[in-house]
Amino acid sequence: RRYRPMAGAASVPGPGVPFVTSWSGGKDSCLALHRAVASRARPAFRLSMLREERERSRSHRLRPAILQSQAVTLGIPLVTRCASSSEYENVFVSALRDLHAEGVEAGVFGDIDLDSHRLWEEKVCDMARIKAHLPLWKAPRRSLLDQVLALGYEATVVASSEQKLGSAYLGSPLDQGLVREFERIGIDPSGEEGEYHTWVTGGPLFSRPLGPEFGETSRQSTYWFLDVF
């Protein structure tokens, strides 16, 4: 059937609706999950995509064991799939179809204002016969960042752009002091222009805070990454 884009409003699944959340491990996917849970939707799974060698997540280069540690404290099962860039869409849709067969009716995503991302997410969910929801859609970026912190979520910078930020802030806790520092140096403090990515280690949905240990930093193409274990 032919895909037709949805209207561009933020939404969450309704009460009791089983959903899968697309999970990077960072602040935006966490806040999207928080809003879906607050709507009394039922979090059935978290879906994280790994690189083809299976050793790291695609976006944040986190170890699968680190993503699993979040699963334990969140109490939401983690589903992972491995894919190269060329295979990504087919593998993602296949995963959604498998989860739909398990009863999932909706997909939750943490994107804020990139139209191309929303259109892709709506398309792949449509292909899997589930409904896409973007709880953060078109909200002011800074207000979302402030909400993450006000809710008590704890996050650490684990990836950063060489061009926009360098490696100096890897391992820094995301707090209002760091937000002011990012504003001072002239980057989007929310990181929505690709400046940095985070890993969430605690907050309202977590049964206990995680105690990360940090390893070496490495540069891959135009990004710096911090090894977390």
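Predicted model: local features only at pLDDT ≥ 70, side-chain atom pairs only at ≥ 80, totals over all residues.
1. Five strands make up an open sheet, and their order is β3-β2-β1-β4-β5, with parallel pairing. The edges are taken by β3 (78–82) and β5; each has a single partner strand, so one side of each is left without a neighbour in the sheet. From one strand to the next the twist averages 30 degrees.

2. The pairing of β1 with β4. Strand β1 (residues 18–22) and strand β4 (residues 106–108) run parallel and are joined by three bridges. Within this pair, V20 of β1 is placed opposite G107 in β4.

3. Helix α1 on the sheet. α1 lies across β1, β2 and β4. Its direction is at about 165 degrees to β1.

4. The buried side of α5. Helix α5 spans residues 141–150, and its buried residues are R141, L144, L145, V148 and L149. These residues cover an arc of only 135 degrees around the axis, which puts them on the same side of α5. An arginine, R141, is included in the buried set.

5. What α5 packs against. Which elements receive the buried residues of α5? They are α1 (27–38), α6 (176–185) and β7 (196–202).

6. After α5. G152 follows α5 and has a positive phi, near 95 degrees. G152 is also touched by G203, which contacts Y153 too, leaving aside residues up to four places away in sequence.

7. The loop that holds G203. G203 is found in the loop between β7 and β8 (214–220). G203 is partly exposed, with a relative accessible area of 23%; the cut-off for buried is under 20%. G203 and F214 are eleven residues apart along the chain, and their C-alpha atoms are separated by 20 Å.

8. Positive phi at R54. R54 is not a glycine, yet its phi is positive, about 70 degrees. The residue sits in the loop between β2 (42–50) and α2 (64–74). R54 is exposed, at a relative accessible area of 58%.

9. Positive phi at K138. K138, also not a glycine, has a positive phi of about 65 degrees. It belongs to the loop between β5 (131–133) and α5. Is K138 buried or partly exposed? K138 is partly exposed, with a relative accessible area of 49%.

Conventions:
Residues numbered from 1 in each chain as written. Heavy atoms only, no water. Buried < 20%, exposed > 50% of the residue type's maximum accessible area, 1.4 Å probe, protein only. Helix = DSSP H or I, 4+ residues; strand = E, 2+ residues; numbered from the N terminus. Arc of directions from axis to C-beta. Contact = heavy atoms within 4.5 Å. Pairing = 2+ DSSP bridges. Axes fitted to C-alpha atoms, helices over the stretch in contact; angles between N-to-C directions.
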